[in-house]
Amino acid sequence: MQAGSVSGGIHFHGTESKAAGPPEGPPPRQLPADVKGFVNRVHELDELNAIVAGENGDPLVISVCVIAGTAGAGKTSLALRWAHHARARFPDGQLYVNLRGYDPGEPVTAQEALHRFLSALGVPAQSVPQDIDAAAALYRSLLADRRMLVLLDNASSAGQVRPLLPGGPGCLVLVTSRSRLSGLAVRDGARRLTLGTLPQAEAVALLRAVTAGYRPADDLEKLTELAELCARLPLALRIAAERAASRPHLRLDDLIADLRDESALWDALSTGDDEEAEAVRTVFAWSYRALSGQAARLFRLLGMHPGPEFGLQAAAALAAAPVNRTRQLLDSLVNAHLLEQMGPDRYQFHDLLRAYATDQAHHEEPAGEREAALHRVLDWYLHGADAAQSWINPDEQHVTLAPPGDDVRPPAFADYDSGLDWAEREHTNLLQAIRAAAGSHDRRAWQLAVAAWNARPSSAPVGEWLAIGDIALEAARRSGDRQAEAQLLTHLGRDNVRLDRLSQALECHRRALEIRHETGDPVGQATSLNLIGLVHLRRRQFAAAAEHFAQAIPLFQEADSPPWAAIALSNLASAHYNAGRPAEASAVAQEALAAHRAMDNPRGEGNILRVVSCLQLEEGRQEEALRSAQQALDIALTLRDDRLEGYWLIALGDAQRSLGKYDDALTSYQRSAALHRRLGNRSREALAWYGAGKTYHALERLPEAAQFHRRAAAAHRELGDGWHEAVALDGLAGAVVDGDPPAAAGHWAAALGLLRGYDDPRAVAARERVEVALG
């Protein structure tokens with residue numbers, strides 16, 4: 001049985017199903033619009049129809065289909081045309097992602113795609129597991145009994161695709177790729193459909209379909225010649241046809257002669273190894289040279305945009321042009337099929353056209369102009385992120401920025417929702433902007449990284465920023481900015497903690513503390529001390545944790561930072577409580593609670609109420625413990641924070657169990673386990689299982705108690721958490737001792753061996769209790 005699930009024979013009493021799934025909502029309908037003017041590919045459409053249903057309508061045993069073919073062959077168009085016609089066969093919805101496997105920039109990772117899919121399936125963004133295996137497992141669970149179509153566009157490798165395969169019999173995954181992805185056929189039973197160039201008659205039909213109504217009927221022989229010059233590839237054919245349609249009074253002979261001249265140039269420059277690629281490039285150049293000077297310049301500069309898609313205002317910043325004029329130029333590029341419009345004021349390139357635009361920028365734009373354009377768009381993203389931070393994360397210190405240039409009009413936000421919408425929409429572009437800035441614009445690179453961290457939406461996976469953070473850290477070092485280096489190390493440390501990389505986190509925070517000592521930054525020192533204390537707290541090193549919190553508190557107070565002083569107080573109370581020092585913990589907790597309430601800080605109040613509830617429970621004040629835990633939970637629900645809700649539910653369950661409210665306790669533990677499973681926090685999920693085991697023991701349902709304790713012990717063992725493994729083994733021994741004394745003795749002996757690694761008062765008491773049980 002997997003340690004990450006409550007299924008497989010273990011169930012919570014009377015609460016098995018409802019809370020585990022995501023909220024109900026409309027099925028996802030993510031397919032982009034169907035292709036206008038799609039013609040031909042009848043044979044390939046018939047093949048796709050045959051994959052999902054036989055002659056009698058029964059589904060076939062094919063769950064993955066790969067549409068492979070050369071660049072520009074129309075793979076995406078075919079997939080979208082069939083998907084739109086087959087929607088009724090997938091009533092539970094359609095998922096779509098462009099994996100950008102062949103873009104000049106970074107491809108979309110499987111982790112990013114899973115994050116998007118799970119959010120679309122109703123999982124709250126902050127509840128999506130950060131671990132890719134946990135995210136993939138949750139994705140498969142949610143799709144297990146559904147009939148859904150998953151379209152994975154532009155995949156570059158089987159590894160990019162495999163975590164996105166649902167595994168259930170009712171789902172079909174349609175993949176488009178320039179690669180054959182043979183690994184999917186061998187290991188996953190994928191059917192491959194290879195898409196070649198269009199037959200001559202179909203290529204001519206496509207030209208006629210696009211030009212119909214714009215030109216008089218052209219001669220078949222001339223259309224055939226034009227189709228051959230386009231290598232009968234749909235992308236090139238559509239661009240050529242659009243140019244012909246936009247010049248209805250120009251003879252086709254003249255258009256063909258012009259294209260032949262362009263072709264002769266590329267023939268002279270090419271090796272002739274890839275005739276199809278050269279034909280596509282010829283059509284690109286032919287269409288590009290027909291643009292106005294301003295439109296051609298915008299096309300070139302857009303090739304320098306760091307991300308895979310962009311908005312109108314970012315394009316205006318690149319071009320240093322008014323927004324209204326930029327919109328007109330973008331429309332002309334869309335009409336020429338050199339750019340795709342994805343929505344209101346939102347655009348993207350076909351990957352081949354993006355590469356061509358970038359190439360033209362390097363050949364035709366002077367180096368100074370390219371640098372100035374990149375400078376402007378980086379400033380637009382930097383000031384946009386800084387403005388969004390004011391709404392999303394106002395307590396974090398802002399980066400000190402120079403004002404933007406006269407040609408840059410950064411976005412402004414009227415409220416929280418508009419700032420968050422921008423941050424979610426531009427998150428990928430912000431990360432790519434950091435990559436683009438590193439090296440030539442190092443100061444902007446680290447500033448962008450800090451601003452992006454401060455403005456990061458909860459929907460963004462933590463792991464995405466970590467890789468970028470390392471790049472920004474090197475940029476800060478090259479810039480010689482020690483404070484920036486310390487700030488980036490702090491953010492890297494905090495993200496490493498979220499991913500349970502405690503050694504890496506501790507190293508980051510210690511290096512940040514050293515820098516802040518050297519530069520004389522007392523608030524920064526207090527921040528690092530507090531964060532180092534939290535890592536020690538996670539490692540059950542309570543003396544070290546308390547020492548660091550105690551050092552941080554007066555530094556925060558002297559720097560007139562009462563919110564952070566109260567947070568450090570709360571952390572100190574938690575350290576005292578976990579170390580088994582209830583008197584010290586209670587005094588500090590009451591001080592912290594009063595401070596948080598005085599500042600109207602509900603998050604801090606709820607966190608310390610959890611500690612207060614645990615203390616009250618140990619003192620035998622069960623009703624007060626229940627009230628404190630319920631107050632904390634109400635705060636979490638008001639904040640709509642699944643992380644806090646899941647953790648504080650454990651304290652609520654403990655109080656309910658102490659009062660004999662066993663059904664309520666099991667409900668709390670079940671909800672906590674479900675939330676932590678979605679979050680990918682196996683440690684806290686196992687704590688909920690342990691609580692359920694204790695509750696079943698109180699109900700004298702010892703087999704169920706043993707199952708939950710066994711599951712909790714296994715999870716903590718895999719995580720290397722000796723303390724909680726020992727506690728779970730103690731519970732397991734108590735559940736089996738009447739029926740199997742030798743097994744119980746073995747569990748207690750194992751627990752005792754683990755407990756010898758800890759010397760705090762609570763651990764000493766636990767050792768003595770286990771020794772008594774063994775003796």
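Both faces of strand β1 are covered, with V64, V66 and A68 buried on one side and C65, I67 and G69 buried on the other, where buried means under 20% relative accessible area, exposed means over 50%, and partly exposed lies in between (1.4 Å probe, protein chains only). The strand, which spans residues 64-69, is thus described as mostly covered, 6 of its 6 residues being buried; strands here are DSSP runs of E with at least two residues, helices are runs of H or I with at least four, and both are numbered from the N terminus. The structure is a predicted model, in which local features need pLDDT of at least 70 and side-chain atom pairs count only at pLDDT 80 or more, whereas totals for chains, interfaces and linings use all residues. Residues are numbered from 1 along each chain as its sequence is written, and side-chain values use heavy atoms, with hydrogens and water left out.

Strand β1 has two pairing partners described here, two strands being paired if DSSP finds at least two bridges between them. With strand β4 (residues 172-177), β1 pairs in the parallel sense over 5 bridges, and the bridge partner of C65 in β4 is L174. With strand β5 (residues 191-195), β1 is likewise joined by 5 bridges in a parallel arrangement, and V66 stands opposite R192 of β5.

The confidence of the prediction is expressed by pLDDT, the predictor's confidence in each residue on a scale from 0 to 100. The mean pLDDT of the protein chain is 87, and 93% of its residues reach 70 or more. Where pLDDT is low, the predicted coordinates should not be read in detail.

The interior was examined through its nonpolar cores, each a set of buried Ala, Val, Leu, Ile, Met, Phe, Trp, Tyr and Cys residues joined through side-chain atoms within 4.5 Å. The largest nonpolar core has 105 residues, and those with the most contacts inside it are L291, F299, L302, L330, L333, L448 and L488. Helix α16 (residues 367-392) supplies the largest share of this core, 10 residues. Apart from this core lies another, of 42 residues, which includes V535, L555, A636 and L644. In soluble globular proteins, nonpolar side chains tend to be buried together. Leaving aside neighbours within four places in sequence, L330 is in contact with L298, L302, F310, L312, A315, L339 and Y347.

Two of these contacts of L330, F310 and Y347, stand opposite each other, Y347 being in strand β8. The open sheet concerned has 3 strands in the order β6-β8-β7, with antiparallel pairing, and its edge strands, β6 (309-311) and β7 (340-343), each pair on one side only. The twist averages 35° from one strand to the next, axes being lines fitted to C-alpha atoms, for helices over the stretch in contact, with angles running from 0 to 180 degrees between N-to-C directions. Helix α14 (residues 323-335) packs on the sheet and touches β6, β7 and β8, its direction making about 45° with that of β8. Between β6 and β8 (residues 346-348), which run antiparallel, there are 3 bridges.

Helix α28 (residues 642-658) is mostly covered, with 12 of its 17 residues buried, including D642, L644, W648 and L652. The buried residues of α28 pack against α26 (602-618), α27 (622-639), α29 (662-679) and α30 (682-698). The expected span of a helix is 1.5 Å times one less than its number of residues, so the 17 residues of α28 should span 24 Å, which agrees with the 24 Å between its end C-alpha atoms. The helix is followed by G660, whose phi is positive, near 80°.

Finally, H596 is found in helix α25 (residues 582-598) and counts as buried because its relative accessibility is 1%. Beyond its neighbours within four places in sequence, H596 is in contact with A566, I567, S570, N601, G604, E605 and I608. By contrast, A205, in helix α7 (residues 200-211), counts as partly exposed because its relative accessibility is 28%.

Methods: Contact = heavy atoms within 4.5 Å.
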